[in-house]
Amino acid sequence: VCLQYSSSLQTTLPAPMFSRNDFSVWGFLKKCIGMELSKITMPIVFNEPLSFLQRITEYMEHTYLIHKACTLSDSIERMQLVAAFAISAVASQWDRTGKPFNPLLGETFELTRDEEGYRMISEQVSHHPPISAFYTESLNQDFSFHGSIYPKLKFWGKSVEAEPKGTMTLELSKHREAYTWTNPMCCVHNVILGKLWIEQYGTVEIVNHSTGDKCVLNFKPCGMFGKELHRVEGHIQDKSKKKHQVIYGKWTECVYSIEPKVYEVNKKAEKKSGGDSKKHKQVQSEQSTGGDDADEMPDVQETVTMIPGSTLLWRVAPRPPHSTQMYNFTNFAMTLNELEPGMIGVIAPTDCRLRPDIRAMENGDIDTASQEKERLEEKQRAARRERAKDEEEWSARWFQQGNNRYTGAADWIYKGGYFDRRYSDLPDIY
């Protein structure tokens, strides 16, 4: 069965989000300092009504960048668009301070977008540690994008730091190319007090395994005066390490590319005119556990200044006007949990859209959502006890453990067959 998704997807959620103000976050979280949060059952007030499997599907919001890369004959130009895609894949995290639901073992999510020309399947393949595997293929076979993610969350007193361990692999079949990278670190500040805000930081290295080209992107921490908040800067080099393009912009806004010489001349001129007169010392976010004061969110600085001679690679789509009442979702995120007519009996019974706690939360029924979340987690524990009694190992249905063929790192490889729609022996997880 080929599932046709309607072109008129929902543009809003059935109910606005509830207030988190009357919940003592500190009372709950002080027990968790320094611990890894994946082992702790979090109260539902921390959540947004999507599973982590749906959240990783948001990598695909700007698929047009991959399609465009497929049409280009120059490998450096292709790398520019792959870099823009890697940056755009984390853009929807801006202001998304709700935590997605932890997927249950065996949970799946599928998404087919005919207009954008791709389909995607993801599965929760491991519970301890929590690992989500995904595989996307273009409908005309010109690319595949796949990976597995183990999100390590640590609580540091004022902030929660998320390290998305795992490799992203993009294959462009026409060019016989494969690109790999890992995503930046993400930090949510002021989980106890003050306004929540998000920064992403760290070095992302994208490697073209066919040509040896490399793009090194630096997601900058915000620094003392917030001057660097959301900034991304990097360069593309060929296998002989010659720099070809500089990439700059913000992951929340837009990304440009420019010739390195022009970029350097511009930087020097900016320094001369005093634009960078004070060397702001980078300050790591305090990892204090006691202080009562919030980490002040820096004022978002002026938007990215385009240097003359730059090429725009990507610009973020504006959020819908009612986004703040809807968990700060993007237009794309609004559509992900929609159960369209014709899906029931076609999508796998393990699909997140059929998960009752997320559905109740999306509908604004927090009490039912909380009860259902507890019931599902207990059901999962009982199933695990049964398997232990029978000395049974859990085996993932659509992915198998293996090694990434380009990097050699541990990975989960799609076995195929999901879209054949034979689901009779899937586990009853809901």
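Is tyrosine 135 buried or exposed, and what is its relative accessible area? In this predicted model, tyrosine 135 is buried, with a relative accessible area of 18%, a value that falls within the class because buried means under 20%.

**Figure 1. Overview of the predicted chain and its secondary structure.** The chain holds eight helices and 18 strands, and buried residues make up 54% of its 430 residues. Among the contacts with a separation of 6 or more, 63% are accounted for by residues 24 or more positions apart. The chain exposes about 20000 Å², of which carbon and sulfur atoms supply 52%.

Figure 2. Tyrosine 135 lies in strand β5 (residues 131-138) and tyrosine 414 in strand β18 (residues 410-414), so the pair ties together parts that are 279 residues apart in sequence.

**Figure 3. Close-up of the tilted pair formed by tyrosine 248 and tyrosine 263.** The ring centres of tyrosine 248 and tyrosine 263 are 5.8 Å apart and their planes stand at 35 degrees, so the pair is tilted. Because tyrosine 248 lies in strand β14 (residues 243-250) and tyrosine 263 in helix α5 (residues 260-272), this pair ties together parts that are 15 residues apart in sequence. Both tyrosine 248 and tyrosine 263 are buried.

**Figure 4. Close-up of the buried residues of helix α3 and the elements they pack against.** In helix α3 (residues 64-71), the buried residues are Leu65, Ile66, Ala69 and Cys70. These residues cover an arc of only 145 degrees around the axis, which puts them on the same side of α3. The elements against which the buried residues of α3 pack are the helix α4 (75-88) together with β6 (143-155), β8 (168-172) and β16 (311-315).

Figure 5. With 14 residues, α4 reaches 20 Å from its first C-alpha to its last, close to the 20 Å expected at 1.5 Å a residue. Of the 14 residues of α4, 13 are buried, so this helix is largely enclosed by the rest of the structure.

**Figure 6. Close-up of an aromatic cluster.** One aromatic cluster is formed by Tyr59, Phe85, Phe134, Phe145 and Trp181.

Key:
Residues numbered from 1 in each chain as written. Predicted model: local features only at pLDDT ≥ 70, side-chain atom pairs only at ≥ 80, totals over all residues. Heavy atoms only, no water. Buried < 20%, exposed > 50% of the residue type's maximum accessible area, 1.4 Å probe, protein only. Helix = DSSP H or I, 4+ residues; strand = E, 2+ residues; numbered from the N terminus. Arc of directions from axis to C-beta. Contact = heavy atoms within 4.5 Å. Areas by Shrake-Rupley, 256 points an atom, 1.4 Å probe, with all protein chains shown as cover. Expected span 1.5 Å × (residues − 1). Phe/Tyr/Trp six-rings, centres within 6.5 Å; stacked < 30°, edge-to-face > 60°.
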